[in-house]
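Visitor: Could you take me through one part of this model up close? I'd like to hear about the side-chain contacts.

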Amino acid sequence: MHPVFFGLKRAYYATLGLTRRTLRKMGLTAARMDMLYVIHKKGRYSTPQGALWRTLGVCPSVVSRMLKRLEEMGYVERNVVPNDTRKRTVTLTTNGRARILRAIRQFIGWGYAKLALESALEPRRWHSEWHSHVAVSQLQEYLRLIRVAFGDRASHVVYTSGLRDDQLPRPTSLVLRWVS
């Protein structure tokens, strides 16, 4: 395995270790949180099940199994589309909405994840908003380039720091020139 891939894998597992205990107390996993968050972004409207696998970049069968489990847990409801029995829509239940709002507050709203990332990328200057912004932007650009190069199928940035999908910045390599 290439050292960069090994390093990415170790970083991934380290972030899971950081969040796993808290998510477990909420009855979630990182994958379940991602799924509930994508459904939550639609608001009170139902989400086509077929759109979830494209958004998350996983196989349709993975989405189906995960939704079945979330439905058993009482977090989502799936309904058959009236004119096409092969398609389903997904909505959050009251319990599911409460669960994802708690997780959002814990990991995004309070800023723990942001602080952890900025501290890791800029250990000496994590308190500098500019240096932290440049470091995070550079990392995001490198990860985007890796995803594109290896054919990542996910269609959206799932966590957008409060921005709506139409407000997301267009992919650019400009950030790489900021620190050169």
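Guide: Here is a walk through the aromatic contacts and then some salt bridges. Keep in mind that this is a predicted model, where local features need pLDDT of at least 70, side-chain atom pairs count only at pLDDT 80 or more, and totals for chains, interfaces and linings use all residues. Residues are numbered from 1 along each chain as its sequence is written, and side-chain values use heavy atoms, with hydrogens and water left out.

The structure has two aromatic pairs (ring centres within 6.5 Å; planes under 30 degrees apart are stacked, over 60 edge-to-face, the rest tilted). In one of them, the ring centres of Phe5 and Phe150 sit 5.6 Å apart with planes at 75 degrees, so this pair is edge-to-face. The pair ties together distant parts of the chain, with Phe5 in helix H1 and Phe150 in the loop between helix H7 (129-149) and helix H8 (174-178), 145 residues apart. Helices here are DSSP runs of H or I, at least four residues. Phe150 is exposed at 59% relative accessible area, while Phe5 is partly exposed at 38% (buried is under 20%, exposed over 50%, partly exposed in between, with a 1.4 Å probe and protein chains only).

Now the charges: there are seven salt bridges (a Lys or Arg side-chain nitrogen within 4 Å of an Asp or Glu carboxyl oxygen). Among them, Asp152 and Arg147 meet at 3.7 Å, N to O; Asp152 is partly exposed at 39%, and Arg147 is partly exposed at 36%. Lys114 and Glu118 pair up at 2.9 Å, both in helix H6 (residues 112-121) and four residues apart, about one turn. Lys114 is exposed at 54%, whereas Glu118 is buried at 13%.

Technical notes
Rings of Phe, Tyr and Trp (its six-membered ring) pair if their centres lie within 6.5 Å; planes under 30 degrees apart count as stacked, over 60 as edge-to-face and the rest as tilted. Helices (H or I, at least four residues) and strands (E, at least two) are DSSP runs, numbered from the N terminus.
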